[in-house]
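Thanks for making the time. I will go through the contacts in this structure one at a time, so please have the sequence and the model on your screens.

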Amino acid sequence: MISFEDVSYSYSPGRYAIEHINLSIDKGEVVAILGENGAGKTTLIKHINGLLKPQSGSVIVLGMNTKETTVATLARHVGLVFQNPDHQLFAETVEKEIMFALTNFNFPEDEISRRVNWALKEFGLLEYKDRPPFLLSGGERKRLALASVLCYDPQIVILDEPTTGQDYRQKLHLASLIKKLNSESKTVVVVTHDIEFAADFIPRSIIMSKGRIIADGDSEELLTNRELLMSASLIPPQLVELSWDLALNPPTIHFDELVSSVKKLLEGREA
Amino acid sequence: MKAFGFDYRRGTSIIHILDPRSKFIYTILFTALTVYFVNPLVLLLVFLSSVPMVAVAGVGKSWLRSIRGSLFFIAFIFIFNLIGIFWTTGSVADALIMSISMSLRFMALISIFSVFFLTTSPEDLTQSMVQLKIPYDYALTFNMAMRFVPTLSREAQIIMDAQRSRGLELEKGNIFQRVRNYIPVLIPLIISSFRRAELVADAMESRAFGAAKRRTSLYVLTMGRRDFLFILFSVAAFLAFLSLKVLFGIQ
Ligand SMILES: Nc1ncnc2c1ncn2[C@@H]1O[C@H](COP(=O)(O)OP(=O)(O)OP(=O)(O)O)[C@@H](O)[C@H]1O
Ligand SMILES: [Mg+2]
């Protein structure tokens with residue numbers, strides 16, 4: 001569904017922002033991309049809807065070579081929500097903001113109003129419908145940015161740091177949204193610094209460092225690997241640290257497993 | 001600022017260490033010349049006279065970039081003058097000469113201003129404005145406006161990317177629609193500039209900006225002998241150009 005073949009890209013000569021990227025993501029997968037600031041995460045995802053074209057190698061999305069396809073065509077299938085909502089909100093009202101993409105993609109009138117209503121409800125924005133977007137709080141603006149992309153139901157959803165500035169309830173909401181997209185066999189790619197979020201909700205992780213992919217695989221396996229996390233300047237999830245401290249073998253990122261291991265430990269002691 | 005090649009880099013050339021005020025006098029005088037003269041040969045001379053300064057300052061690359069960056073405008077000026085003057089006078093020769101003059105004039109202006117901005121640090125510029133009795137607030141505002149241009153151009157790029165991801169096609173439609181296509185880019189850009197201005201103001205005030213009524217400066221710019229020599233040369237060159245008009249009636 002998404003495949004990168006030996007992709008490199010540099011903004012200025014002599015320094016690659018991403019280098020020799022090989023990657024393949026299947027339909028219906030949910031993937032987290034982790035890595036330090038400047039690792040090249042945003043650069044990588046901008047290749048998926050063709051905003052950036054690979055300088056060497058190729059990117060194939062839904063059978064289309066991004067080099068030969070316009071951003072508008074790709075964007076219809078690839079919804080990309082940017083890191084900072086202030087970089088996209090511009091309309092007079094929240095409602096019109098959500099309509100923007102729908103009109104760009106020439107949805108019919110009745111379909112537009114149906115989808116706008118769905119998005120307003122889904123993202124808890126119904127009461128702000130007629131307000132100007134820039135008067136919303138930071139978290140609300142972030143949700144509006146999400147709503148304004150998810151409303152057109154793209155097959156591939158890419159979120160650049162969706163959890164920053166969100167309270168715990170919104171994070172849970174986001175997690176259930178991802179689950180729902182997944183159940184509709186959508187492909188979801190989440191760029192995040194929130195390693196706990198990745199550990200809790202996302203089965204596959206890709207770890208980047210200095211423009212390269214240094215690991216790609218099962219989240220549990222990667223996020224319990226001490227050397228790997230160290231080399232990518234990532235702080236391990238708290239459950240993993242606790243597992244290490246208790247010398248649990250194997251360490252875990254799942255709360256239930258940790259609880260049962262700890263119970264076993266305690267029982268062993270009593271016996 | 002990169003787009004215009006006005007990005008200042010620290011340097012040690014004689015042009016770099018001149019007092020901004022003396023370079024400013026040069027800039028004013030030569031700007032006046034480019035506005036006064038219409039003869040293409042004179043304008044070419046004015047343009048060429050800035051080239052040695054570029055060479056001495058060693059800013060050739062950035063200078064070339066700013067000339068190259070303005071080629072689009074120059075072409076624009078050339079074509080519009082050509083059509084406009086031919087329309088009114090009906091003479092191809094007149095139209096051609098005039099549009100060449102206008103293009104050269106623009107190029108000379110770009111070159112003169114490039115020399116100034118490429119060799120003058122923003123801090124020195126602010127300080128010299130203050131020493132010219134311009135209120136510090138205005139001087140600082142000017143300085144910050146210059147400082148934020150690259151930030152702004154990078155931000156515009158990100159906003160364009162974000163809107164294109166939502167299906168905006170900037171190159172679609174006739175010329176009026178194309179202008180309208182930019183609204184979703186301009187509005188976030190303006191709003192975020194205001195947000196940033198507010199943030200910067202708060203950050204400055206929380207570090208006691210404006211607490212002291214009278215400001216003193218750690219560094220004070222002084223004019224040296226080389227400055228007076230440079231001004232002397234500038235004025236002499238200026239007068240030499242003017243004599244073309246007085247002696248030969250060339251304008
Ligand atoms: N528009 C640009 N022009 C020049 N260099 C850029 C540009 N965008 C990114 N870079 C550089 O490319 C590298 C990768 O940046 P990128 O934004 O992809 O990192 P990131 O992993 O998304 O980081 P973060 O976690 O901070 O968002 C960085 O060194 C960055 O400075
Ligand atoms: Mg990023």
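Ligand 1 sits between chains A and B. Keep in mind that this is a predicted model. There are 15 residues around ligand 1, and those that come nearest are A:N37, A:G38, A:K41, A:T42 and A:T43. Let me pick out some individual distances. A:R15 has a polar side-chain atom 2.8 Å from an oxygen atom of ligand 1. For A:H193, a polar side-chain atom again lies 2.8 Å from an oxygen atom of the ligand. With A:G38 the backbone is involved: one of its polar backbone atoms is 2.8 Å from an oxygen atom of ligand 1.

Next, the two chains. How many residues of chain B are in contact with chain A? The number is 17, and they touch 23 residues of chain A. The size of an interface is often quoted as the accessible area lost when the parts come together. For chain B and chain A that area is about 1900 Å², with 59% of it on carbon and sulfur atoms. On the chain B side, the residues that lose the most area to chain A are B:S165, B:R166 and B:R195, which together account for 38% of what that side buries.

Now the polar part of the same interface. Between chain B and chain A there are 11 residue pairs in polar contact. Which helices of chain B supply at least two residues each to the side that touches chain A? They are α8, residues 136-164, and α10, residues 183-205. Helix α8 of chain B gives the largest share, seven residues. By class, the side of chain B that touches chain A has eight nonpolar, three polar and six charged residues.

On to charge pairs. Side chains of opposite charge can pair when their charged atoms come close. Over all chains the count is 17 salt bridges, and three are found between chain B and chain A. One to look at on screen joins A:K46 and B:D161, at 3.2 Å from N to O. This pair crosses between chains, running from helix α1 of chain A, residues 41-46, where A:K46 lies, to helix α8 of chain B, which holds B:D161.

Last, the inside of chain A.

What area is buried between domain 1 and domain 2 of chain A? About 850 Å², and carbon and sulfur atoms give 62% of that. Four residue pairs are in polar contact across this domain interface of chain A, while the number of salt bridges across it is zero.

Terms used. Residues numbered from 1 in each chain as written. Chains lettered and ligands numbered in written order. Predicted model: local features only at pLDDT ≥ 70, side-chain atom pairs only at ≥ 80, totals over all residues. Heavy atoms only, no water. Buried area = accessible area lost by both parts, 1.4 Å probe. Salt bridge = Lys/Arg side-chain N within 4 Å of Asp/Glu carboxyl O. Polar contact = N/O pair within 3.5 Å; in protein donor to acceptor, adjacent residues only side chain to side chain. Contact = heavy atoms within 4.5 Å. Helix = DSSP H or I, 4+ residues; strand = E, 2+ residues; numbered from the N terminus. Nonpolar A, V, L, I, M, F, W, Y, C, P; charged D, E, K, R; others polar. Near = heavy atom within 4 Å.
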